Every structure is written in C-alpha cells, then in structure tokens.
Amino acid sequence: MAQKLEATARTGRDNQRYGAQGERLVAGVVPLSNDKAKVLLIQSTRRGGWVLPKGGWETDEGTAQEAACREAWEEAGIVSTVVKDLGTIPDMRAPAELTAKAPKAAYQFYEVRVDREAAEWPEKDKRGRQWMSYQQAKQALQSRPELLEALNRSTISK
C-alpha cells in the first residue's frame, strides 16, 4: 500500500490509542542509510537534543507500522519502507518524569529503508534532521534509553 503524504502534521491526542494498562501506544522508526552506516535523527521539539521519529498510533490507522511511517514523514520528511520489526520497548522513564503531557508509553519500533528525503515536509520549520554514525547517535540518545534500545535492536553498523 502506498504511503499517503499529508502536507500538515496531525496534532493533539483525541484519536490516540492506549494499551490495556492505560499506556500511550507510540510507533516509531529507526531510519538507516542504504549501507547501514548511519541513522537519521531529528531534533526534539520539547526537550531539545536529538530523537528518533516517533509518535502516537491513532485510532484511524490500521497498524502501528502505518503510524510509524506517517510519523517518519511528518517529523523527518522521509518516505520509508519497513524492513524489520524491532518489537515493543517499554517506557523506561522514572515515575517522576511522567506528566499529563508525557504519560507512560509503550513504544513499537521498526527499522526502515529511506526511499526518499523530501526538501519540504510538515514539521520542517520545527525540526532539523541529521544523519549520524552509530557512535554519534548512541551519544545523542543516551538520555532516552527506549530510543537507544531501538537503535541497538536495528542492523546499523556498530
């Protein structure tokens, strides 16, 4: 199925899916270069620093994979193809770090092949993007253990 590319990013959590324990269901991607030497990270809008493209799996999306590819488009401006299911990763934040705006989450990540990087994308004005080596990305993601776990589960050259 061809990915539908919207000109604007979705906002809000009205259509957000939640798991059996009330956790927010989040879908994300680990976008690797064709030679698997680099990963594409994006700038976080809330915390600063670098993150993997990810976001809420919404009720009108049939699969977490569909949600992950939508998030990759909205946040990183990439058209991608899933090549590997990296599994579910639990939220590793301490209870004190959880807030109403950032509730407990369960992360479903996919390794993707980047088919195209667009010059214009929905969140271009909010986020930069940068290709990084494993070591650079490992350093950039050290404060986000769930994202680092997704990177480590991928086939990136270490």
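Which residue takes a positive phi in the hairpin of strand 2 and strand 3? In this predicted model, that residue is Gly48, with a phi near 75°. Six residues lie between the two strands of the hairpin.

## Overall layout

The protein chain holds three helices and seven strands. Read from the N terminus, the order of its elements is β-β-β-β-α-β-β-β-α-α.

The C-alpha trace spans about 40 × 30 × 30 Å along its principal axes. Of the 158 residues, 45% are buried. The accessible surface amounts to about 8200 Å², and carbon and sulfur atoms account for 48% of that area. Among contacts with a separation of 6 or more, 71% are between residues 24 or more positions apart.

## Pairing of strand 2

Strand 2 covers residues 38-43 and pairs with strand 7, residues 129-133. These two strands run antiparallel and are joined by five bridges. Within this pairing, Leu41 has Gln130 of strand 7 as its bridge partner.

Strand 2 also runs antiparallel to strand 3, residues 50-51, and two bridges join them. Here Ile42 is paired with Val51 of strand 3.

## The nonpolar core

The largest nonpolar core has 37 residues. Those with the most contacts inside this core are Val30, Val39, Leu41, Leu52, Phe109, Leu141 and Leu151. At least two core residues come from each of several elements, including strand 1, strand 2, helix 1 (64-76) and strand 5 (78-90). Strand 6 (105-117), helix 2 (134-140) and helix 3 (145-153) each do likewise. Strand 6 gives the largest share, seven residues. In soluble globular proteins, nonpolar side chains tend to be buried together.

Leu151 can be followed through its contacts. Not counting residues up to four places away in sequence, Leu151 touches Val30, Val39, Tyr134, Ala137, Lys138, Leu141, Ile156 and Lys158.

## Gln16, a buried polar residue

Gln16 sits in the segment before strand 1 (24-32). Its relative accessible area is 8%, under the 20% limit, so Gln16 counts as buried.

The side chain of Gln16 makes a polar contact of 3.0 Å with the side chain of Arg24. A polar atom of the Gln16 side chain also lies 2.9 Å from the backbone oxygen of Leu25. Leaving aside neighbours within four places in sequence, the residues in contact with Gln16 are Arg24, Leu25, Gly56, Trp57 and Thr59.

Key: Residues numbered from 1 in each chain as written. Predicted model: local features only at pLDDT ≥ 70, side-chain atom pairs only at ≥ 80, totals over all residues. Heavy atoms only, no water. Helix = DSSP H or I, 4+ residues; strand = E, 2+ residues; numbered from the N terminus. Buried < 20%, exposed > 50% of the residue type's maximum accessible area, 1.4 Å probe, protein only. Polar contact = N/O pair within 3.5 Å; in protein donor to acceptor, adjacent residues only side chain to side chain. Contact = heavy atoms within 4.5 Å. Pairing = 2+ DSSP bridges. Core = buried A, V, L, I, M, F, W, Y, C linked by side-chain atoms within 4.5 Å. Areas by Shrake-Rupley, 256 points an atom, 1.4 Å probe, with all protein chains shown as cover.
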